[in-house]
Amino acid sequence: MGIFDRQRENKSGFTIIELLVVIGVIGILIGLVAVYYPNYQMRTRNSERKSDLSQLATALNGYALQKNNHVGPGSGCGFLGDGSGWLNLNNDNSGGWYPKSIPKCLQEAGLLKTEDDILDPTGCRSDTGGICGTYLTTPTTAYMKASCTKNGQPIVYVMAHLEGEPRKDAEVDALCDTNSIAWFNPTSQKWGTNYGMNYWVVVK
């Protein structure tokens, strides 16, 4: 093999510098994904939450056309069957405090296909710790509903925690008149302070 043949052979592969450049580019791409992908996932979850609450409001209004209430007091769903509290708790996962979940009432009325059609994208149902949040400590990524009064007038809210968004504790805590929900004392009505709810939709 002559010297020119060896030169041609050497030129057929990557040089060390070229390999280092490729590795550097790959490292930069991995770094960008690590930074931006979690934010993308968070925005996707928040979009799903907004869509869920819009769908929920539509279903609750449909229920009101049938039953003349928005899964409210006496419905048998929600905390002690009075239509407020954690949206997705039921008898099986609440120790009996929630006879049925609120979506269960909507399912039975033909307004949802399944009880879990509307569920926070984390799968959380209440403040059970971890990614679901902890009472008074970290915001809860689970949906809530309040059938109450505001300035003496009946009103219904559905609420969520949007990740990465500012807290609105004072505003959310004041959504309902004090003592306007059966079984809920003024402290437990602090949806913002207690659970970090910062997004809500007015149903009625």
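Because the model is predicted, local features need pLDDT of at least 70 and side-chain atom pairs count only at pLDDT 80 or more, while totals for chains, interfaces and linings use all residues.

**Stop one: the sheet.** You will see an open sheet in the order β1-β2-β3-β4, with antiparallel pairing (two strands pair if DSSP finds at least two bridges between them). At the edges sit β1 and β4 (199-202), each pairing on one side only. Zoom in on β3 and β4, joined by four bridges, and find Ala160 opposite Tyr199 in β4.

**Stop two: the largest pocket.** A pocket is an open set of points on a 1 Å grid over the protein atoms alone, where a 1.4 Å probe fits, with protein on both sides within 12 Å along at least five of seven lines; lining residues have an atom within 4 Å of a point. Its volume, the space filled by probe spheres set on the points, is about 220 Å³.

**Stop three: the second largest pocket.** This one has a volume of about 170 Å³. Select Ala64, His70, Cys148 and Lys204, which are among its lining residues. β3 gives the most to this lining, with three residues.

Notes
Residues numbered from 1 in each chain as written. Heavy atoms only, no water. Helix = DSSP H or I, 4+ residues; strand = E, 2+ residues; numbered from the N terminus.
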